[in-house]
Amino acid sequence: MDTNEQKLKDSLKEIIKSLMPTNSYVDFKNAVSSVIAMYKVNKEHDGGSAVNYDKIISLVREISYQSVVNKMADKNAEKLLVLNEDGSSTGEFFERKTVHNKKKLLWHREVAGIVLRENGTFAIITRSSEKSSYPGAKGLICGHVEGNSSCHEAVVAECSEEVGTLFAQEKFIRLMNPTKNEREDNKAFTTPYIVASQLKDGVFIYQEQEVDGMEWITVDKLRQYVSLSHNPATADMVIFKDNEFYRGLADSLELLFTLENWHDYLANGDYKTIHKHLGIVTPKNEVEFYESKEKMTAKPAVNTAQNDNNKSKK
């Protein structure tokens, strides 16, 4: 199996894992069926031009139950790491219901996926009307970071699941440091990641049980939605809040757009240029992650001395 196939298989494994509420074999089979159905819809919608459907299905069927369960072996896999008010780890993990107990909300980790088009618009969702919290409200593609997962792992699974498109993990670039995103019912440090859209004509294939609709918005529109949170009559229409995170998100996106050819850098996963422009220091663990991905895709070095010898023999 070549490097690209292995990367694709690893991404599919992450998606299957994200769709499994437990590590039972029944949940594994259901998750596999969901992934196959999702790509079948993609293929039919694109007239057969979706990401090589037959290859996707072949790789999905190669993924074993045990390989996914091994990824779920972390005893805290379905729990959330609790943070201190300064964002540092407490080392403790709790169930979601405990973290979101309104009597004592606990700080935890979240990620947001900002899928960007070249014209500067990005995707937001309308939550399912069946959701218990914020039904029908507009918000970012956002989710928890569970167990010992990294933010990178969480954001690729969240976007792939909600937008219905495969994203390479190394193409996600952190837009901001983890930032306080506090609401009356939630205390999270949210890390937003940007990624170039791979969607043709901006068409979404999304999970209807999670999402009622999606749209592309501008930064100005984001600020308009944030302003709705000030009015009690419209506050429930949006998850956006006038807080440190959303103000920082709007400002960071506007700064990104001042970088000439920003979308090309994003599409190529050039985190160094983007982070330098944004004034972000890339943590050591992120540098190691990107470098490991670069080594996987690097072409073999050419042995010039051997080539010269070969030429001289001709």
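Here is a short tour of the structure, stop by stop, for you to follow in your viewer.

This is a predicted model: local features need pLDDT of at least 70, side-chain atom pairs count only at pLDDT 80 or more, and totals for chains, interfaces and linings use all residues. Residues are numbered from 1 along each chain as its sequence is written, and side-chain values use heavy atoms, with hydrogens and water left out.

**Stop 1: helix α8**

Select residues 244-256, which make up helix α8. Helices here are DSSP runs of H or I with at least four residues, strands are runs of E with at least two, and both are numbered from the N terminus. How far apart are the end C-alpha atoms of α8? They are 18 Å apart, which agrees with the 18 Å that 13 residues should span at 1.5 Å a residue; the expected span is 1.5 Å times one less than the number of residues.

Now show side chains. At the start of the helix, pick N243: one of its side-chain oxygens comes within 3.1 Å of the backbone nitrogen of F245.

**Stop 2: the cores**

Next, select F122, L140, I194 and L249, the residues with the most contacts inside the largest nonpolar core, which has 33 residues. A core is a set of buried Ala, Val, Leu, Ile, Met, Phe, Trp, Tyr and Cys residues joined through side-chain atoms within 4.5 Å. Elements giving two or more residues to this core include β3 (107-116), β9 (186-196) and α11 (284-297). Which element gives the largest share of this core? That is α8, with six residues.

Center on I194. Leaving aside neighbours within four places in sequence, its contacts (heavy atoms within 4.5 Å) include I114, F172, L253, L266 and I274. Apart from this core lies another one of 19 residues, among them L8, V35, I56 and I57.

**Stop 3: salt bridges**

The count comes to 10 salt bridges, each a side-chain nitrogen of Lys or Arg within 4 Å of a carboxyl oxygen of Asp or Glu.

- R96 and E146: the closest N and O atoms are 2.4 Å apart. R96 sits in helix α5 and E146 in the loop between β6 and α6, so the pair ties together parts 50 residues apart in sequence. R96 is partly exposed at 39%, and E146 is partly exposed at 26%.
- K138 and E215: here the closest N and O atoms are 2.7 Å apart. The pair links strand β5 to strand β10, parts that are 77 residues apart in sequence.
- E286 and R174: the N to O distance is 2.7 Å. E286 is in helix α11 and R174 in strand β7, so this pair ties together parts 112 residues apart in sequence. Are these two buried or exposed? E286 is buried at 8%, and R174 is buried at 3%.

**Stop 4: two positive phi values**

Finish with Y134, in the loop between β4 and β5. Its phi is near 50°, a positive value in a residue other than glycine, and Y134 is buried at 11% relative accessibility. N261, in the loop between α8 and α9, has a positive phi too, near 65°; N261 is partly exposed at 46%.

Key. A polar contact is a pair of N or O atoms within 3.5 Å; within protein, one must be able to donate a hydrogen and the other to accept it, and residues adjacent in sequence count only if both atoms are side-chain atoms. Buried means under 20% relative accessible area, exposed over 50%, partly exposed in between (1.4 Å probe, protein chains only).
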